[in-house]
Structure formats: structure tokens, C-alpha cells
Amino acid sequence: MGNRITAQPSVRTGADRIEEAAKTVFAGARVGLVTCPTGINSRFESTIDLCGALTDAKLTALFACEHGIRGERQAGVLFEDETDPRWGVPVFSLYGKTKKPTADMLGHVDVVLFDIQDIGVRFFTYLTTLVYMMEACAESGTTLIVLDRPNPFGGFCCEGGKLVPGFESMVGIAPIPFRTGMTIGEFALYMNDRLERRCDLKIVGLQGWRRTMEFADTGLPWVMTSPNTPTLETCRVYPGTCLFEGTNVSEGRGTTRPFETVGAPWLDGERLAAEMNALALPGVHFQPTYFTPTFSKHQGALCSGVQLYVTDTETYRSVETGLRLLHRAAKLSDGRFEWIAPFKEGRKPFIDYLTGSDLVRTSALDDAGLERIVALWERDADEWKKERAPYLLYD
């Protein structure tokens with residue numbers, strides 16, 4: 001006989017509290033919901049279905065961001081409005097012709113609920129979608145309610161440089177570091193103070209969550225946050241290895257270990273692993289590996305590279321690790337390492353948008369420049385901890 005999981009989660013998310021919120025916070029309202037497959041409660045019930053079944057409020061619209069309302073689309077795939085087949089309500093695309101909700105879209109609702117599992121990383125596009133929704137709600141006078149969720153890696157570690165004004169994009173909307181150390185509700189509170197016009201923002205908070213908790217400590221079910229961040233192990237390394245998206249080195253898309261493996265047909269994985277392990281970076285081991293991507297960069301070509309193994313979650317620093325790995329991979333490329341060119345005329349190279357400035361592109365391949373960036377990013381993270389303090393909701 002199989003094992004039966006009977007333990008109750010130690011943490012309740014905003015989604016677990018949606019029925020009580022419908023009786024108090026948004027009773028009688030027409031409800032719009034921004035969500036994706038991560039929008040479930042601790043009983044694996046979809047927030048879409050929970051809203052559709054409410055008796056104290058009525059679901060009248062859905063809003064879909066990158067990857068689609070049910071996670072049916074790959075990264076970067078644009079799509080248009082549709083109708084939800086189960087509940088018969090419009091599904092407005094926020095990843096097509098428009099990224100920001102229009103007044104017509106918000107005319108269908110009185111309140112908007114936002115329920116998406118974030119991973120506490122600036123370049124996750126869900127944060128940008130949230131900010132665009134906050135701006136639109138402020139303009140239309142619509143109430144926005146964030147159903148809070150845990151930061152999967154606790155609420156203390158902050159890493160990486162702040163985004164510099166002028167480098168805003170879908171992968172970076174605010175002057176915050178790579179890793180925020182905040183829940184998505186706390187981030188919303190921080191951003192609301194920085195909008196030209198504040199929205200009517202309410203947070204349905206977590207119960208039982210402490211900042212020392214990683215996701216495994218909560219007892220909550222994990223649903224992959226996007227097609228290429230399927231596991232917590234992926235999400236742990238992602239803030240650093242995502243830098244390779246701005247290069248011609250594969251970040252492992254098209255393999256079973258995206259972001260945990262990086263490589264290229266012209267790299268020497270054995271040498272790269274040896275040089276990275278010689279750095280003795282805390283909490284990580286680099287294992288040489290080969291892989292053949294089934295899509296994305298180097299599709300169908302045999303790549304040599306490394307796989308990252310996190311050996312100590314408390315000391316591991318994903319952003320510095322990823323930056324130093326990029327530096328060494330470029331050094332060992334025999335001149336074949338390249339930055340991805342701008343996608344459109346007049347745009348900056350993608351690495352600039354990912355990192356929030358041109359500093360990595362202009363300095364990170366130089367040994368002294370690398371160390372300057374590491375030091376600057378440490379200062380940015382320390383400043384951020386003070387800046388975010390007034391918006392933290394949990395001990």
C-alpha cells in the first residue's frame with residue numbers, strides 16, 4: 001500500500017484564506033483574478049475554481065501573464081485574449097499586445113485578486129505584471145488584493161545589484177536587487193509607495209510563516225513556477241545562472257535541468273568545473289557534464305559544461321556564483337563567448353536588462369572589473385535590507 005500524507009501544512013497562504021476574505025474584504029464584488037498554475041491552496045484546489053465557486057462574490061474575469069493562465073505556453077510566447085472554457089469568463093492577456101491592463105479590461109471587475117507564487121527574484125516577469133496591474137488599478141480606482149505566498153528561500157537573504165533607472169523592462173521594473181528577500185505581498189507594499197499614484201492595495205497575509213522558513217518547512221505543495229523553473233533546486237540557482245540568458249552559452253533550456261546546467265559546444269566542461277571548484281565558493285560544487293538541448297540555444301548540438309550542486313543552502317550565494325561562473329566560461333571560450341545582441345533596433349543588449357545596468361557587459365569579463373561588481377553588489381544588498389525594512393510583514 002502507498003503512503004498517505006496526512007500532516008497539515010504549518011503555513012496558510014492567502015489562497016487558503018480566500019473564502020473568509022470574500023466575506024469581509026471583497027464581499028459582493030465582481031472579481032478579476034491574476035494567476036497561473038501556482039495559484040492553488042494547500043489542498044491543491046485552483047484559485048480559479050475557488051473564485052468561481054464563491055457565493056459572497058462573483059468571478060467575472062481572469063488575467064493571464066507569461067506562460068498563460070494554466071501554464072500552457074513556453075517562455076516568451078505571446079498570446080491574445082480568450083474565454084475560459086470552465087467558467088465562461090474572459091481571459092485577458094497581459095503578455096500579448098499589451099502588458100498593462102486597459103480600462104476596458106478593468107471595467108469587468110470591482111476588485112482584482114493577485115495569486116502567483118513568486119521566487120523573490122527581480123527578473124521574474126510576474127513582478128512586472130503585478131506592478132503594471134497596480135498602476136492600472138490606481139488609474140481606474142479598482143481595489144487590488146494580493147493573496148500572499150512565502151518566499152521559497154526565506155526572508156533574509158538579499159543579493160545582487162539594484163536596477164539602475166533607464167534599464168527598466170519586463171525583466172526588471174524597479175530599483176531593487178536580484179534577490180529581494182521579500183514575499184510578493186511585501187514587494188507590493190514597497191512598490192505602492194513608489195508609484196506616481198498609489199492603488200487601493202490590500203494584503204491577505206500568510207499565517208504561520210516565519211522569515212527563517214524555506215518552502216520545504218511550510219508543508220505547502222510546490223507547483224513549478226514556469227516551464228523552465230520546475231523545482232526548488234532550479235529556483236535556488238536561477239538568480240545567478242539566469243545571467244547566461246544574455247549570452248550565447250546555454251543556460252540548460254531544452255534539458256531536464258534548466259539553469260542547473262550551463263554549457264556550449266565549444267566549452268571544456270572538465271576544465272571549467274576544475275577552475276570553478278578551485279575558487280572554493282561557499283555551498284556549491286561544479287560537476288562536468290554533457291547535454292544536448294532539444295530546443296533553445298544550441299538545439300540538437302552536444303554541449304560540454306557544468307552542473308551546479310548546492311551542498312550548503314545556508315552559505316550558498318546564487319548571484320555571485322552565477323557571475324563568477326559566467327566570468328570563467330567567457331575566459332575559457334577561446335574567443336567564442338558573445339553577448340546576445342539587442343532584440344530590436346534601439347534596444348539594449350538583453351544582459352543589460354537582466355542585470356539592471358551595463359556594468360556586467362562592460363566590466364565582468366575583466367578580473368578587476370569582476371571584483372568591483374561583486375563589492376558593489378554586496379553594498380547594494382546591504383542598503384536594500386534597510387530600505388525594505390518598513391514593508392516587512394512577518395517576524
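## Helix 7 and helix 9

In helix 7, R236, V237, P239, G240 and T241 meet S318, V319 and G322 of helix 9 (contact means heavy atoms within 4.5 Å). By class, this contact has three nonpolar, four polar and one charged residues (Ala, Val, Leu, Ile, Met, Phe, Trp, Tyr, Cys and Pro count as nonpolar, Asp, Glu, Lys and Arg as charged, and the others, Gly among them, as polar).

The axes of helix 7 (residues 232-241) and helix 9 (residues 318-331) cross at roughly 50° and come within 6 Å. Helix 7 and helix 9 are therefore oblique to each other (under 35 degrees counts as roughly parallel, over 145 as roughly antiparallel, 65 to 115 as roughly perpendicular and the rest as oblique).

## Basis of the model

This is a predicted model, in which local features need pLDDT of at least 70 and side-chain atom pairs count only at pLDDT 80 or more, while totals for chains, interfaces and linings use all residues. Residues are numbered from 1 along each chain as its sequence is written, and side-chain values use heavy atoms, with hydrogens and water left out.

## Helix 9 and helix 12

Helix 9 also packs with helix 12 (residues 367-388), at an angle of about 170° and with the axes 11 Å apart. That makes helix 9 roughly antiparallel to helix 12.

Among the residues of helix 9 in this contact are L323, R324 and H327, and those of helix 12 include L370, I373 and W377. By class, the contact has six nonpolar, one polar and six charged residues.

## The whole chain

Of the 395 residues of the chain, 58% count as buried (under 20% relative accessible area, with a 1.4 Å probe and protein chains only). The C-alpha trace spans about 65 × 60 × 45 Å along its principal axes.

Methods: Axes are lines fitted to C-alpha atoms, for helices over the stretch in contact, and angles run from 0 to 180 degrees between N-to-C directions. Helices (H or I, at least four residues) and strands (E, at least two) are DSSP runs, numbered from the N terminus. Buried means under 20% relative accessible area, exposed over 50%, partly exposed in between (1.4 Å probe, protein chains only).
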